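This report describes selected structural features of one protein chain. The sequence and coordinates are shown below.

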Amino acid sequence: MKRVQWQDHIVIDPEIRHGDPCIRGTRVPVRTIVASLADGATIEEIIASYPQLSAEDAQGALVYVA
């Protein structure tokens, strides 16, 4: 499995959610994805809640926080 480059998926823009790291092209914060995973949600469940996300976006969020 190829390692996801977080830079391809995460943006930090002061004009979007006050500069919180978000998934590129969305307003979904990285912390929302990571908190959902920590609460036991699967990537598939997160994508069902945020259909604009891909599995690679979620993986990018994890790589970013790591």
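## Salt bridge

A salt bridge is a side-chain nitrogen of Lys or Arg within 4 Å of a carboxyl oxygen of Asp or Glu. The model discussed here is predicted, and it holds one such interaction. The partners are Asp20 and Arg31, whose closest N and O atoms are 2.7 Å apart. The pair links distant parts of the chain: Asp20 belongs to the loop between strand E1 (10-11) and E2, Arg31 belongs to helix H1 (residues 30-38), and the two are 11 residues apart.

The two partners are classified separately by accessibility. Asp20 has a relative accessibility of 24% and counts as partly exposed. Arg31, at 53% relative accessibility, counts as exposed.

## Confidence of the model

The mean pLDDT of the protein is 94, and 98% of the residues score at least 70. Confidence is highest in strand E2 (residues 22-23), at 98, and lowest in H3, at a mean of 95.

## Packing of H1 and H3

Two packed helices are described by the angle between their axes and the distance between the axes. The axes of H1 and H3 come within 9 Å and cross at roughly 95°. Because angles of 65 to 115 degrees count as roughly perpendicular, H1 is roughly perpendicular to H3. On the H1 side the contact is made by Val30, Ile33, Val34 and Leu37, and on the H3 side by Ala58, Ala61, Leu62, Tyr64 and Val65.

Which residues of H3 are buried? They are Asp57, Ala58, Gly60, Ala61 and Val63. The buried residues of H3 pack against E1, E2, H1 and helix H2 (43-49). An α-helix has 3.6 residues a turn, so residues three or four places apart point the same way.

His9 lies in the segment before E1. With a relative accessibility of 10%, His9 counts as buried, because the cut-off for burial is under 20%. The side chains of His9 and Asp57 are joined by a polar contact of 2.8 Å. Asp57 is itself one of the buried residues of H3. With neighbours within four places in sequence left aside, the contacts of His9 are Val4, Cys22, Ile23, Arg24, Glu56, Asp57 and Gly60.

Ser36 is part of helix H1. Leaving aside neighbours within four places in sequence, Ser36 is in contact with Ala41 and Ile46. Ser36 and Ile46 are 10 residues apart along the chain, and their C-alpha atoms are separated by 7.3 Å.

Most residues other than glycine have a negative phi, and most peptide bonds are trans. Against that background, two residues may be noted. Arg17, although not a glycine, has a positive phi of about 50°. His18, likewise not a glycine, has a positive phi of about 60°.

Arg17 is found in the loop between E1 and E2, and His18 is found in the loop between E1 and E2 as well. Are these residues buried or exposed? Arg17 counts as partly exposed, with a relative accessibility of 31%, whereas His18 counts as exposed, at 77%.

## Thr26 in the loop between E2 and H1

Thr26 lies in the loop between E2 and H1. With a relative accessibility of 10%, Thr26 counts as buried. A polar atom of the Thr26 side chain lies 2.8 Å from the backbone oxygen of Ile23. Not counting residues up to four places away in sequence, Thr26 touches Ile16, Gln52 and Leu53.

## Segment after H3

Ala66 lies in the segment after helix H3 (55-65). Ala66 has a relative accessible area of 85% and is therefore exposed, since the cut-off for that class is over 50%. The C-alpha atoms of Ala66 and Ile16 are separated by 22 Å, the two residues being 50 apart along the chain.

Definitions and conventions: Residues are numbered from 1 along each chain as its sequence is written. This is a predicted model: local features need pLDDT of at least 70, side-chain atom pairs count only at pLDDT 80 or more; totals for chains, interfaces and linings use all residues. Side-chain values use heavy atoms; hydrogens and water are left out. Helices (H or I, at least four residues) and strands (E, at least two) are DSSP runs, numbered from the N terminus. Buried means under 20% relative accessible area, exposed over 50%, partly exposed in between (1.4 Å probe, protein chains only). pLDDT is the predictor's confidence in each residue, from 0 to 100. A polar contact is a pair of N or O atoms within 3.5 Å; within protein, one must be able to donate a hydrogen and the other to accept it, and residues adjacent in sequence count only if both atoms are side-chain atoms. Contact means heavy atoms within 4.5 Å. Axes are lines fitted to C-alpha atoms, for helices over the stretch in contact, and angles run from 0 to 180 degrees between N-to-C directions. Angles under 35 degrees count as roughly parallel, over 145 as roughly antiparallel, 65 to 115 as roughly perpendicular and the rest as oblique.
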